[in-house]
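Trainee: Could we go through this structure together, with each term set against its definition before anything is concluded from it?

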There are 2 protein chains.
Amino acid sequence: MAKKAMVYIQSGGPTSVINSSLYGAIKEAELHSEEISGIYGSLHGIEGLLCDDLIDLGKEDKNTIELLKQTPGSILGTSRHKLPKDYHDKEYSLIIDTLKKHNIGYVFVNGGNDSMDTCAKLSALCKELGLDIKVMGVPKTVDNDLAETDHSNGFGSAAKYIINTVKEIIIDAKCYKKGKVFIIEIMGRNAGWLTAAVDLLPEGLRPDLIYLPENKFDLEKFLSNVKSLYEKKGNAIAAISEGIIFERDESNVRVDSFGHKQLGGAAADLAKIVESRLDLPTRSIELSLPQRAYSFLTSKVDQDETIMCGRLAVQKALEGMSGHMIAIKRVSSKPYQVRFEPVDITKIANVERRVPTSMMVDDTKMADSFKEYCFPLIQGEIPVEYENGVIKSAVLKKVKVQ
Amino acid sequence: MAKKAMVYIQSGGPTSVINSSLYGAIKEAELHSEEISGIYGSLHGIEGLLCDDLIDLGKEDKNTIELLKQTPGSILGTSRHKLPKDYHDKEYSLIIDTLKKHNIGYVFVNGGNDSMDTCAKLSALCKELGLDIKVMGVPKTVDNDLAETDHSNGFGSAAKYIINTVKEIIIDAKCYKKGKVFIIEIMGRNAGWLTAAVDLLPEGLRPDLIYLPENKFDLEKFLSNVKSLYEKKGNAIAAISEGIIFERDESNVRVDSFGHKQLGGAAADLAKIVESRLDLPTRSIELSLPQRAYSFLTSKVDQDETIMCGRLAVQKALEGMSGHMIAIKRVSSKPYQVRFEPVDITKIANVERRVPTSMMVDDTKMADSFKEYCFPLIQGEIPVEYENGVIKSAVLKKVKVQ
């Protein structure tokens with residue numbers, strides 16, 4: 001078999017382990033130097049292939065590669081670019097040109113629903129054109145809404161960050177005899193997995209109320225819950241998904257290239273309603289970007305699995321597989337065991353998996369089945385390397401592939 | 001000398017090492033059991049003395065006391081209560097009654113400017129009444145605005161949290177070719193020490209612009225800075241103190257019992273102005289409560305010094321001192337050396353220490369002298385104890401003192 005190069009694409013929003021997938025793929029590729037002629041990275045997601053902007057990851061120092069495991073953000077850069085629907089569009093021929101130019105035989109797309117759509121299109125196109133190019137997906141999204149996989153790489157770490165941060169906020173919030181109403185906003189547009197995760201906190205440390213976008217948000221019931229909690233104990237703490245829907249001023253909201261509204265600000269808007277309707281001191285806290293960009297609270301289970309998904313994507317591509325994503329299938333929760341399985345990517349692209357009703361007690365509380373599902377995913381701590389009090393991050397040399 | 005009990009008061013807003021001061025005081029008191037008859041905690045700040053609501057910290061488990069070092073929030077509870085100006089007011093006699101009832105000879109007040117005011121009044125009153133009760137202050141405030149001390153317990157850890165969190169946000173923010181304008185809001189009402197701290201990040205990882213409340217905020221210059229940065233590199237990142245002043249709607253702002261406006265929301269308001277004036281995608285991030293309530297990024301230097309301040313307050317009180325706060329005096333920055341010194345509390349109460357102009361290059365950048373000052377304070381990491389993926393916190397039994 002002729003030697004071919006591989007290219008790795010990071011797509012969509014980062015997670016705190018997004019660069020651990022890349023680490024796994026690089027480490028696996030290094031074991032197959034007789035088959036892989038070059039390990040390339042595409043800068044800024046698919047844009048790197050559109051503009052022939054690739055870097056040679058084989059030229060990076062060993063230390064830099066190790067640091068990938070504690071580096072947040074997409075080290076290769078990412079993009080919000082959406083490929084056209086029609087894959088006979090000129091954009092695809094630009095991509096194919098880049099792939100051919102650099103003798104690329106293996107393409108890895110690391111991303112969520114939208115990115116798996118990119119992956120599916122590319123794979124289909126290569127097949128149609130009779131090109132010997134394998135395209136594989138590596139799952140990634142803090143939202144945990146990818147279909148066909150038990151959970152997504154990045155979710156466990158984001159959940160661990162959120163659980164621990166919300167715990168610290170709640171301890172702080174409870175210091176006063178007469179405190180405030182706290183509304184904590186957590187990522188999750190249509191799927192409330194991350195918000196649900198705070199229900200893993202023990203009684204006394206969990207938010208009083210948890211609202212997922214899966215359920216219809218009843219503002220009046222929310223206000224009456226908050227009022228009675230505050231009267232009883234001098235504070236009320238609610239965790240809400242950014243995607244819950246209530247009447248608010250959306251005149252300034254931006255829309256991205258996938259047609260998704262830019263979210264954020266739900267807690268602030270809700271806090272204003274609480275202040276004006278209940279006249280209670282209220283504070284909103286949006287957990288914001290750190291949820292998906294924190295190296296301090298990475299889950300070891302998540303990182304280990306993420307590295308494994310990166311490795312397996314490379315292995316499967318070398319075996320000749322294309323158009324599949326490495327999914328995680330749960331064997332058991334107690335003890336926690338999983339197996340990894342490639343899944344046809346067309347089953348995943350543009351599909352959203354939401355929290356099932358069976359995992360909820362009611363619209364403010366999760367069931368034990370959810371806790372059993374989620375607890376294993378936040379286990380294990382990873383020591384991180386500091387320099388002068390600041391956590392070290394990888395910085396790439398970015399040697400351009402000519 | 002007759003044995004007397006001690007009581008410890010936590011006052012004002014928490015820091016991530018507030019319970020480390022208490023830890024230091026308890027550990028020191030345990031060494032002096034021949035002089036100290038009981039180690040009590042006042043629940044909810046000064047309210048515990050007003051309402052005779054004390055707990056016996058000697059009844060807590062050893063493990064719980066150790067966990068204080070990684071427990072955020074005021075474990076004894078805190079209060080926004082301000083004592084009356086006239087210390088012949090009835091409230092003071094209630095406090096004296098509680099102190100007499102429990103044979104208390106030593107009072108420790110852990111807090112910031114406002115709390116040192118409480119401390120000064122109590123100390124003066126005991127002296128006037130001829131009571132053998134020593135009242136000592138233990139410094140605490142993330143804002144670092146206490147006078148007469150090189151820095152305040154809690155500042156270093158908050159700065160370390162902020163520096164590292166802002167770094168992760170910036171790495172995440174730079175993933176896109178065309179990104180956003182980011183406005184990060186950091187605690188600091190009148191003093192910008194915490195915001196200044198982000199300037200310790202290396203070039204490429206520091207915010208482009210830093211605005212402290214010490215300088216007049218020039219909105220037009222800010223907008224023009226943001227515009228040219230965005231045009232040049234596809235993003236612009238500004239860190240602002242919550243206390244910077246610009247024209248905004250303050251009709252809903254609440255005022256606390258010390259007459260301070262409840263802050264927060266400056267970044268969100270500023271983001272709206274950027275969006276409307278420059279038509280650039282903008283995101284505001286308020287670092288919010290985690291700044292002062294995080295056990296994961298505690299600075300070892302800060303924690304060690306904090307424990308020492310707690311210890312020394314007890315030692316000095318036993319030596320007969322009253323009306324003083326344990327201050328930290330810097331001997332040198334390279335190598336970092338400090339000495340601890342009791343300072344007359346009337347010099348500290350209600351005084352605010354702001355970032356001097358000499359520590360700034362201009363209104364958007366700090367000078368090297370600031371970096372030399374701040375760097376030693378964020379050094380050293382402390383391993384924390386987890387249970388099932390969640391960091392452990394102390395939970396007190398709270399055995400009431402009868």
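Mentor: Let us begin with a hairpin, which joins β10(A) to β11(A) through two residues. This is a predicted model, in which local features need pLDDT of at least 70 and side-chain atom pairs count only at pLDDT 80 or more, while totals for chains, interfaces and linings use all residues. Residues are numbered from 1 along each chain as its sequence is written, and chains are lettered from A and ligands numbered from 1 in the order in which they are written.

Trainee: What makes β10 and β11 of chain A a pair of strands?

Mentor: Strands (E, at least two residues) and helices (H or I, at least four) are DSSP runs, numbered from the N terminus, and two strands pair if DSSP finds at least two bridges between them. Strand β10 (residues 324-333) and strand β11 (residues 336-344) of chain A have nine bridges in the antiparallel sense, so by that criterion they pair.

Trainee: Why are β7 and β9 of chain A called edge strands?

Mentor: The open sheet in chain A has four strands in the order β7-β8-β6-β9, with parallel pairing. β7 (209-211) and β9 of chain A each have a single partner strand, so one side of each is left without a neighbour in the sheet. From one strand to the next the twist averages 15 degrees. The partner of β7(A) is β8 (residues 236-241) of chain A, joined to it over three parallel bridges, and A:Y211 has A:I240 as its bridge partner in β8(A).

Trainee: How do you know that helix α8 of chain A packs on that sheet?

Mentor: Two residues are in contact if their C-beta atoms, placed from the backbone, lie within 7 Å. Helix α8 (residues 219-233) of chain A touches β6 (181-186), β7 and β8 of chain A. Its direction makes about 150 degrees with that of β8(A), where axes are lines fitted to C-alpha atoms, for helices over the stretch in contact, and angles run from 0 to 180 degrees between N-to-C directions. Helix α9(A) packs on the sheet as well, touching β6, β8 and β9 of chain A, at about 175 degrees to β9(A).

Trainee: What is the strand order of the open sheet in chain B?

Mentor: The order is β7-β8-β6-β9, with parallel pairing. Strand β6 (residues 181-186) of chain B pairs with β8 (residues 236-241) of chain B over six bridges, and B:A239 is the bridge partner of B:I184 in β8(B). Helix α6 (residues 155-173) of chain B packs on the sheet through β6, β8 and β9 of chain B, its direction making about 170 degrees with that of β6(B).

Trainee: Why is β5 of chain B described as largely enclosed?

Mentor: A residue is buried if 20 or more other C-beta atoms, placed from the backbone, lie within 10 Å of its own, exposed if 12 or fewer, and partly exposed in between. Six of the six residues of β5 (residues 134-139) of chain B are buried, so this strand is largely enclosed by the rest of the structure. B:K134, B:M136 and B:V138 point one way and B:V135, B:G137 and B:P139 the other, and all are buried. Strand β4 (residues 104-111) of chain B runs parallel to β5(B), joined to it by six bridges, with B:Y106 partnered by B:K134.

Trainee: How do you know whether B:I378, in a loop, is buried or exposed?

Mentor: B:I378 lies in the loop between α11 (368-374) and β14 (386-387) of chain B. With 28 other C-beta atoms within 10 Å, B:I378 is buried. Beyond its neighbours within four places in sequence, B:I378 is in contact with A:G389, B:G156, B:A159, B:K160, B:I163 and B:S299. B:I378 and B:K300 are 78 residues apart in sequence and 7.5 Å apart in space, C-alpha to C-alpha.

Trainee: Which residues take part in the contact between the chains, and which element of chain A gives the most?

Mentor: The contact takes 51 residues from chain A and 51 residues from chain B. On the chain A side, α6(A) gives the most, with nine residues.
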